[in-house]
Amino acid sequence: VVTPNSFSYNAILAGYAKHGLVRRAEDLLLRMHHQDEDEGSKPDTVSYSCVMNAISRSNAADAPKRAKALLEQMLSSKVLPDVVTWNSLLNCYANRGMAKEAEEWLERMETLQKKALLTDGPNTISYNSVLNAWAKSDHADAPQRAKELLSHMVALQDDGSTTSKEEGQGQGGSDDKDNSTQHSKPNKKSGVQVEPNKITQTSFLLCFEKNDCMQEGYDEWERITHQTSSNIL
């Protein structure tokens, strides 16, 4: 008798996530969690990331709460989240305009990175997700927060090397391809690439559009990045 292992289950979880079958993904993860250790089918980082991605893409009102609970379960099981897991969590908040919460999680990612407990993030997608959260929020200070986030991204970029415009362009509401293709040339200090791209610019400008100050947004983009719209778009 062939017994499914984590690799087999992860393939099914990825399929459930792709087709929006969130409850099935959660149920299968729970089943994996109760498997015997020697069966080789305990959930790993990929397992949790698949389910987290499914939750983040759902329309469920309690998605952030479920994603947070899943992260806590992951940590209690001594399974370390990677940047894909964290970015899916950020998207849960970004897709609902919960900007302050998204930024709090981003700050936690930065703290973990400084402690070498997160080696592959936060990356461009992480910062784009938080910018997207501010763009979707109703906060009057969204333009100011966008400026601060963009300035931070540029500072991180200056510490590292450049990458192609196509890399790291995922954001809240992205598909599986966007959320899994997250590899680019590393930052010299952190080992992670952070570089503003066209997704960054779109979310940045939307923060200003919602506050009826679009021209200020264009001016601030050029001031902070030293790029005109045509340079990146």
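1. Let's start with the rings: there are 3 aromatic pairs in this structure. Here, rings of Phe, Tyr and Trp (its six-membered ring) pair if their centres lie within 6.5 Å; planes under 30 degrees apart count as stacked, over 60 as edge-to-face and the rest as tilted. Before going on, note that this is a predicted model, where local features need pLDDT of at least 70, side-chain atom pairs count only at pLDDT 80 or more, and totals for chains, interfaces and linings use all residues. Residues are numbered from 1 along each chain as its sequence is written, and side-chain values use heavy atoms, with hydrogens and water left out.

2. Have a look at Trp86 and Trp105, an aromatic pair that is tilted, with 5.9 Å centre to centre and 50° between the planes. Trp86 sits in helix α5 (residues 83-94) and Trp105 in helix α6 (residues 99-114), 19 residues apart, and the pair links distant parts of the chain. Helices (H or I, at least four residues) and strands (E, at least two) are DSSP runs, numbered from the N terminus.

3. Are these two Trp residues buried or exposed? Trp86 has 3% relative accessibility, so it counts as buried; Trp105, at 11%, counts as buried too. The cut-offs are: buried under 20% relative accessible area, exposed over 50%, partly exposed in between (1.4 Å probe, protein chains only).

4. α5 and α6 pack at an angle of about 160°, with their axes 8 Å apart; axes are lines fitted to C-alpha atoms, for helices over the stretch in contact, and angles run from 0 to 180 degrees between N-to-C directions. The two helices are therefore roughly antiparallel to each other (under 35 degrees counts as roughly parallel, over 145 as roughly antiparallel, 65 to 115 as roughly perpendicular and the rest as oblique). Their crossing is left-handed, meaning that the near helix is turned anticlockwise from the far one by less than a right angle; clockwise would be right-handed.

5. Which residues make the contact of α5 with α6? On the α5 side they are Val83, Trp86, Asn87, Leu89, Leu90 and Tyr93, and α6 brings Glu101, Ala102, Trp105, Leu106, Arg108, Met109 and Leu112. Contact means heavy atoms within 4.5 Å. Sorted by class, that gives 10 nonpolar, 1 polar and 2 charged residues (Ala, Val, Leu, Ile, Met, Phe, Trp, Tyr, Cys and Pro count as nonpolar, Asp, Glu, Lys and Arg as charged, and the others, Gly among them, as polar).

6. Two single residues deserve a click. Arg145, in helix α8 (residues 142-158), counts as buried at 17% relative accessibility, and it touches Glu103 and Trp134, not counting residues up to four places away in sequence. Leu117 is in the loop between α6 and α7 (124-136) and is exposed, at 54%.

7. Finally, zoom out. The chain has 12 helices and 0 strands, and 48% of its 233 residues count as buried. Among contacts between residues at least 6 apart in sequence, 71% join residues at least 24 apart. Back with the rings, Phe204, Phe208 and Trp221 form one aromatic cluster.
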